Amino acid sequence: MRKIALLPHIFTTGNLFAGFFALVSALSGKIAVASWAVLAAMICDVLDGRLARLTRSTSRFGMEYDSLCDMVSFGVAPGILAYEFALKTYGRYGWLAAFVYVACTALRLARFNVEEPGPSAYFKGLPSPAAAGLVASTVIFLKHVGAEFPVKHAALVLMIYAVSFLMISPFPYPSFKVLRFRETQLTYLLPGLILAFAVVAAEPQVTLFILFLGYALLFPLKELLLRLRPAGFRLRTKPQESPEEI
């Protein structure tokens, strides 16, 4: 225990705190507060992993602790949030839909611990923080546009089942854990980040939903298009010369 770095685990605990706060808020009827708390948990989850890699303090303990916290923040909390916001209307079918999401989150986290123990350029399946972010941002967006029955209820049901499938799917998603930039690219990185922050800050209720939805759908659609592409279609390349022609 003496070897465990303190700073990354403070953010992991912050992730758990935000997730638990989202649960309490959702059960108290504070849906908007609960949604933003889920997004706050996502930020803490990103920071704890970054700090662990920067300080070279990654450990088996840290990975297990992080997964347990993720189960609360990105599994149970979004499931209860969706249930309290719209799924409760469907009775037994509503809480069963929320349960499917929670179960798929548990499967996704277990598969990650077994198959992806180290930093990788891609995740197998939609990451649970991104799935929770999509659920939370969908709730925020629907409240922002004033969606009522049956629009918000149907949207949440479809969202929950789609996200559950994407989490346990084999589709590759970029992890952004291993980021390398050339010196020329760094010149444009900061202005690009400032512009992105300005766009999100202008209308966060809409832009966050678009960003999470785009991340969730872009890469599965790309894979499906590649699989549906005709087998005979290939990019034309210059034919190699035979030894006799050299």
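Predicted model: local features only at pLDDT ≥ 70, side-chain atom pairs only at ≥ 80, totals over all residues.

I took Arg60 and Glu64 to begin with; their closest N and O atoms are 3.0 Å apart. Both residues lie in helix 3, which covers residues 60-85. They are four residues apart, about one turn of the helix. Glu64 is partly exposed, at 30% relative accessibility.

Then I looked up Glu84 and Lys88, whose side chains meet at 2.9 Å, N to O. Buried or exposed, or something in between, for Glu84? I found Glu84 partly exposed, with a relative accessible area of 23%. Lys88 is partly exposed as well, at 41%.

**Entry 1: aromatic pairs.** Next I went through the rings, taking two as a pair if their centres lie within 6.5 Å. That gave me eight aromatic pairs. One of them is Phe141 with Phe209, which is stacked: 4.5 Å centre to centre, with 5 degrees between the planes. I checked where the two sit, and the pair links distant parts of the chain. Phe141 is in helix 5 (residues 128-145), while Phe209 is in helix 8 (residues 204-228), 68 residues apart. Phe209 is buried, with a relative accessible area of 14%.

How accessible is each partner? Phe165 counts as partly exposed at 48% relative accessibility, whereas Phe171 counts as buried at 8%.

I also marked one aromatic cluster, made by Tyr173, Tyr215 and Phe219.

**Entry 2: charges over rings.** I wanted to know which charged side chains lie over a ring face. Lys152 lies over the face of Phe85, at 4.5 Å from the ring centre. Arg92 does this with Tyr93, at 5.2 Å from the ring centre.

**Entry 3: back to helix 8.** I looked up Pro220, which is found in helix 8. Pro220 is buried, at 7% relative accessibility. Which distances separate Pro220 from Tyr173? In sequence they are 47 residues apart, and in space 8.5 Å, C-alpha to C-alpha.

Leu224 is found in helix 8 too, but Leu224 is partly exposed, with a relative accessible area of 39%. I then found Leu224 in a nonpolar surface patch with Leu217, Leu221 and Leu228. The patch comes to about 400 Å².

**Entry 4: cysteines.** Last, I went looking for disulfides. A disulfide is a covalent bond between the sulfur atoms of two cysteines. How many does the structure hold? I found zero.

Key. Residues numbered from 1 in each chain as written. Heavy atoms only, no water. Phe/Tyr/Trp six-rings, centres within 6.5 Å; stacked < 30°, edge-to-face > 60°. Buried < 20%, exposed > 50% of the residue type's maximum accessible area, 1.4 Å probe, protein only. Lys NZ or Arg CZ within 6 Å of the ring centre and 35° of its normal. Patch = residues over 30% accessible without salt bridge, like charges linked within 9 Å, V, L, I, M, F, W, Y side chains within 5 Å. Areas by Shrake-Rupley, 256 points an atom, 1.4 Å probe, with all protein chains shown as cover. Salt bridge = Lys/Arg side-chain N within 4 Å of Asp/Glu carboxyl O. Disulfide = S-S within 2.5 Å.
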